[in-house]
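Here is a short report for a first look.

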Amino acid sequence: MQILIWILVGLAALSVIFELLIAGVIYTVLLVRTSKKKWDRDVKLPDDEEYKEMYYESLEWGKLYEDYKREVEVKSGRFRLVGEYFDFGGEKAAIIIAGRTESLKYSYYFAEPYRKAGYNILVIDNRSHGYSDGVVCSLGYREYKDMFAWSKLLVEDLCNKAVFLHGICIGSSVALFALTNPECPDYIEGMCADGMYTRFAESFKNHMDEDKHPKFVAKSLVYMYMRIFSHANVVTDGPLWRVDKLKKPILFIHSRKDTYSTPDQAQKLYDKCGSPDKKLVWFEKGAHSRVRVNAPQKYDDTIISFVSNLK
């Protein structure tokens with residue numbers, strides 16, 4: 001009997017160790033840059049036709065406005081961050097904040113409506129992406145500070161009068177965390193949230209389910225790694241817990257076909273948002289982060305109209 005008990009204890013211990021290992025692998029794949037090749041500036045999904053359309057169109061945009069570009073960099077804490085600044089002669093600048101895995105080249109794709117609206121453009125390699133320093137993605141819980149460093153450069157060194165943040169997916173969380181922080185400078189005037197989620201755990205669960213990952217993986221263990229190593233509380237904190245503190249203008253852009261940041265999440269965020277100047281615009285087509293490619297004219301017109309009415 002005693003031997004049987006020890007066998008059961010041993011099997012239970014092995015099961016826990018196995019789940020810890022699997023959760024650690026998933027966390028590392030998701031949020032740790034294990035080599036310079038990972039999350040670099042190359043195309044990420046070479047077999048995805050829609051993604052390639054976006055990526056290569058963004059490269060064409062970069063070539064078209066090459067003469068307006070200059071390389072820039074800032075220090076945020078111990079991290080050296082790099083970006084590209086397009087000076088179109090405007091008085092304001094927009095920062096495009098890409099989601100996880102993407103570099104500044106992908107961000108070109110979202111720059112055109114701001115150029116048309118008279119903004120200068122800053123595209124950036126988020127920390128742990130592209131040519132910027134860093135290893136761990138913190139889902140906005142650390143990266144929001146980088147927005148202060150970039151915005152200070154835009155205003156104090158590059159003579160812009162105001163800064164607008166455009167976030168895609170996790171980039172939306174970065175922008176929101178910055179705008180709702182007490183240290184946020186007044187010259188950051190507002191934000192656009194393309195595909196914002198209520199909390200990362202919700203989006204992660206939807207992603208895992210859609211990709212048919214094994215059900216035996218304990219998501220709570222993955223969240224534990226995120227809390228320990230990324231300093232990200234993805235279960236009981238996130239945009240839904242911050243958006244009520246937002247007082248600056250925000251434009252929500254969301255697809256009714258988004259299966260990661262689902263439409264009900266967008267509605268909850270909008271309903272709870274504390275800003276007196278908020279707008280939610282629905283798009284009928286487009287997967288997560290794929291809204292503009294399915295309705296470019298409406299997407300651009302929506303942004304241009306919104307920022308043109310900022311005081």
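## Overall build

The protein has twelve helices and eight strands. Both are DSSP runs, numbered from the N terminus: helices are H or I with at least four residues, and strands are E with at least two. This is a predicted model, where local features need pLDDT of at least 70, side-chain atom pairs count only at pLDDT 80 or more, and totals for chains, interfaces and linings use all residues. Residues are numbered from 1 along each chain as its sequence is written, and side-chain values use heavy atoms, with hydrogens and water left out.

The C-alpha trace spans about 80 × 40 × 40 Å along its principal axes.

## Burial, contacts and charge

Of the 311 residues, 55% are buried. Buried means under 20% relative accessible area, exposed over 50%, and partly exposed in between, with a 1.4 Å probe and protein chains only. A contact means heavy atoms within 4.5 Å. Among contacts between residues at least 6 apart in sequence, 76% join residues at least 24 apart.

Helix α10 covers residues 263-272, and its buried residues include Gln 265, Ala 266 and Leu 269. Seen down the axis of α10, the buried residues fall within an arc of 100°, so they line one face of the helix. The arc is that of the directions from the helix axis to the C-beta atoms.

Helix α8 covers residues 219-229. Its buried residues are Leu 221, Val 222, Tyr 223, Tyr 225 and Met 226. His 231 follows α8 and has a positive phi, near 55°.

## Two residues

Asn 126 lies in the loop between β4 (119-124) and α5 (144-157). Its relative accessibility is 10%, so Asn 126 counts as buried. Leaving out residues up to four places away in sequence, Asn 126 touches Ile 97, Ala 98, Gly 99 and Ser 132.

Ile 304 sits in helix α12, residues 296-308. With residues up to four places away in sequence not counted, Ile 304 touches Pro 113, Lys 116 and Ala 117. Ile 304 and Glu 19 are 285 residues apart in sequence and 48 Å apart in space, C-alpha to C-alpha.
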